[in-house]
Amino acid sequence: MKAKVFVTIKENVLDPQGNAVQGALHTMGFAEVGKVRIGKYMEIELDTADRNEGEQRLIAMCEKLLANTVIEDYRYELEG
Amino acid sequence: MNFAVLVFPASNCDIDCFKAVEDTIGQPVDYVFHTATDLSQYDAILIPGGFSYGDYLRCGAIAQFAPVMAEVRKAAEAGKFILGICNGFQILTEARLLPGALIRNNSLKFRCHSADLIVENNSTAFTRAYRAGEMIDIPIAHGEGSYYVDDETLAQLKADNQIVFRYAGENPNGSVDNIAGVCNKEGNVVGMMPHPERAVHELLGSEDGARMFTSVLNAWRERHGAASVR
């Protein structure tokens, strides 16, 4: 089973990297660009056949390590 | 009084912390590796700056699960004195031993220079030798030192007097409410981005950090009924 995890910075937390990339895109002429937010994407292979258990353990991974829920949100997709 | 200086892979201020203890208060101090499973012999634990585990994922994210951190948690609960500096502060927030989180500087630059701080709380074990409101000169050196808490937690920090240091002049990183250091509710765990261990002698540019070490020695002596030192 494969998990895809997306970690994003919470809406009310500043994202200076996103702001810098937004500025660069504007400079390049992409005037249509609004807000830019930068996050993380992780692919995790899970050696488990039990989808339910796999999901519960994936949530634990996200809560404990993959995201810092003080400043970040996460979502995930399970494949296979 | 026995001090431990924790050493993680890629800690790089551990020697400075060790020497600062020796030079300011001359107390016994050991380097303790991240794999250690017993800190019971130590009265104070210093978590130094650096780039533990390469700062992979987030600063301090992986270090919080090092074996020694279970012992740090126990020591915090037992009321022992714990100071996290820079990466040490990041580790303590990731471990939820201190509130909030440290994110990328709003300038996106690594800022390395001296900074004026206001001592907001001089009742912690590490700040009792300062006057409340005193301005001190302590260097900073970080790329991810912008302190973040939500509004609700900020109000709680203020109500419980948990803001220990604020930046006095320019805010170097975009920290919420100019916060440079905080403590837990009990005041025995302190975290700060500036480096007091780099400011313990006038030849280093400032000796304002030395009193953090004399503070904690006095706090320990008071707790154990021994005479305090100046």
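## The loop around B:G187

B:G187 sits in the loop that joins strand 10 (179-183) to strand 11 (189-192) of chain B, where helices (H or I, at least four residues) and strands (E, at least two) are DSSP runs numbered from the N terminus. The model is a predicted one, in which local features need pLDDT of at least 70 and side-chain atom pairs count only at pLDDT 80 or more, while totals for chains, interfaces and linings use all residues. Residues are numbered from 1 along each chain as its sequence is written, and chains are lettered from A and ligands numbered from 1 in the order in which they are written.

B:G187 counts as buried because it has 21 C-beta neighbours inside 10 Å; a residue is called buried if 20 or more other C-beta atoms lie within 10 Å of its own, exposed if 12 or fewer, and partly exposed in between, with C-beta atoms placed from the backbone. Leaving out residues up to four places away in sequence, B:G187 touches B:S123, B:T124 and B:A125, a contact being two residues whose C-beta atoms, placed from the backbone, lie within 7 Å. From B:G187 to B:G209 the separation is 22 residues in sequence and 18 Å in space, C-alpha to C-alpha.

## The annotated active site

An unreviewed UniProt entry carries the annotation "active site" for B:C86, B:H195 and B:E197; UniProt positions are given here in the numbering used for this model, feature names are shortened, and annotations may be inferred rather than shown by experiment. These residues are spread over 112 residues of sequence, yet they cluster in space, with a largest C-alpha distance of 10.9 Å.

B:H195 is located in the loop between strand 11 and helix 5 (210-223) of chain B, and B:E197 has its place in the loop between strand 11 and helix 5 of chain B. B:H195 counts as buried because 25 C-beta neighbours lie inside 10 Å, and B:E197 is buried with 31 other C-beta atoms within 10 Å. Apart from neighbours within four places in sequence, B:H195 is in contact with a set of residues that includes B:C86, B:C13 and B:I85, whereas B:E197, with residues up to four places away not counted, touches B:C13, B:D16, B:C17, B:A20, B:I85 and B:G209.

## The sheet of chain B

Chain B holds an open sheet of 9 strands in the order 2-1-3-4-11-10-9-6-7, with mixed pairing, two strands being paired if DSSP finds at least two bridges between them. Strand 2 (29-33) and strand 7 (135-142) of chain B each have a single partner strand, so one side of each is left without a neighbour in the sheet. Strand 1 (residues 3-7) of chain B runs parallel to strand 2 of chain B and is joined to it by 5 bridges; B:V5 has B:Y31 in strand 2 of chain B as its bridge partner.

## The sheet of chain A and the contact

In chain A, an open sheet of 3 strands has the order 2-1-3 and antiparallel pairing, with strand 2 (40-45) and strand 3 (72-79) of chain A as the edge strands. Strand 1 (residues 2-9) of chain A pairs with strand 2 of chain A over 6 bridges in the antiparallel sense, and A:V7 stands opposite A:K40 in strand 2 of chain A.

The contact between the chains takes 10 residues from chain A and 12 residues from chain B. On the side of chain A that touches chain B, the largest share, 3 residues, comes from helix 1 (residues 16-27) of chain A.
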